[in-house]
Amino acid sequence: MINKCNLCWWDVFLYNPSEIYWNKYKHINDLWDWIPTSFIYQCMECKARVWCHWDSKKPLWTLADKKTRNARNLCHKLLDPLWKIKQSWNYKTWLQWKERKRLYKLLSKHMNIPIEKTHFGMFTIEQCRIAYRFFLNYKKKKNVRITKDK
């Protein structure tokens, strides 16, 4: 459970997603039935937020403002194509997860942080910049072509 924002130290409250995303999804008649059974912590001052684990009030990662969320998403857009292969769950999928783990270990070593703290959901904007540059260079060295999902 979170009480204070890690960015501005104001109070943080737990919300139903429909309270935050009401305007975005107001065309859906029964929004509550549509949104997953999860909660969002949001800061009253800076509007930093984080989703919770499914059917839980435990936050997935750390609170993030819009710029930080965007930086984390950019990092994922660069990293994910390096390990994801669109297939059903089988041996190749297991290899994908192994590759993902290997890439996070490389990043952990590069950033000199423990592997347990090496996840975009825990990163600051500056850490995201370092990670983004690292994977951009990795992609160039490996000559990996990143394609957009359709």
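**Exercise 1.** What percentage of the contacts in the chain with a separation of 6 or more is accounted for by residues 24 or more positions apart?

*Solution.* The structure is a predicted model. Step one: take the contacts in the chain with a separation of 6 or more. Step two: pick out those between residues 24 or more positions apart; they account for 48%.

**Exercise 2.** State how many helices and strands the chain has, and give their order.

*Solution.* The chain contains five helices and three strands. Along the sequence they follow the pattern β-α-α-β-β-α-α-α. For the chain as a whole, 33% of the 150 residues are buried. Its accessible surface is about 10800 Å², and 55% of that belongs to carbon and sulfur atoms.

**Exercise 3.** Find the salt bridges and describe the residues that form them.

*Solution.* Side chains of opposite charge can pair when their charged atoms come close. The cut-off for a salt bridge is a nitrogen-to-oxygen distance within 4 Å. The count comes to three.

- Lys4 and Asp11 meet at 2.6 Å, N to O. Lys4 counts as partly exposed because its relative accessibility is 43%, and Asp11 is partly exposed at 36%.
- Glu99 and Arg102 meet at 2.8 Å, N to O. They are three residues apart in helix H4 (residues 91–111), so about one helical turn separates them. Glu99 is partly exposed at 22%, and Arg102 is partly exposed at 34%.
- Glu126 and Arg129 meet at 3.1 Å, N to O. Both are in helix H5, three residues apart, so about one helical turn separates this pair. Glu126 is partly exposed at 40%, as is Arg129 at 43%.

**Exercise 4.** Which residues make the nonpolar surface patch of about 310 Å²?

*Solution.* The patch is made by Trp10, Phe13 and Met44. Trp10 is in the segment before strand S1 (12–15). At 45% relative accessibility, Trp10 counts as partly exposed.

Key
Residues numbered from 1 in each chain as written. Predicted model: local features only at pLDDT ≥ 70, side-chain atom pairs only at ≥ 80, totals over all residues. Heavy atoms only, no water. Patch = residues over 30% accessible without salt bridge, like charges linked within 9 Å, V, L, I, M, F, W, Y side chains within 5 Å. Areas by Shrake-Rupley, 256 points an atom, 1.4 Å probe, with all protein chains shown as cover. Salt bridge = Lys/Arg side-chain N within 4 Å of Asp/Glu carboxyl O. Helix = DSSP H or I, 4+ residues; strand = E, 2+ residues; numbered from the N terminus. Buried < 20%, exposed > 50% of the residue type's maximum accessible area, 1.4 Å probe, protein only. Contact = heavy atoms within 4.5 Å.
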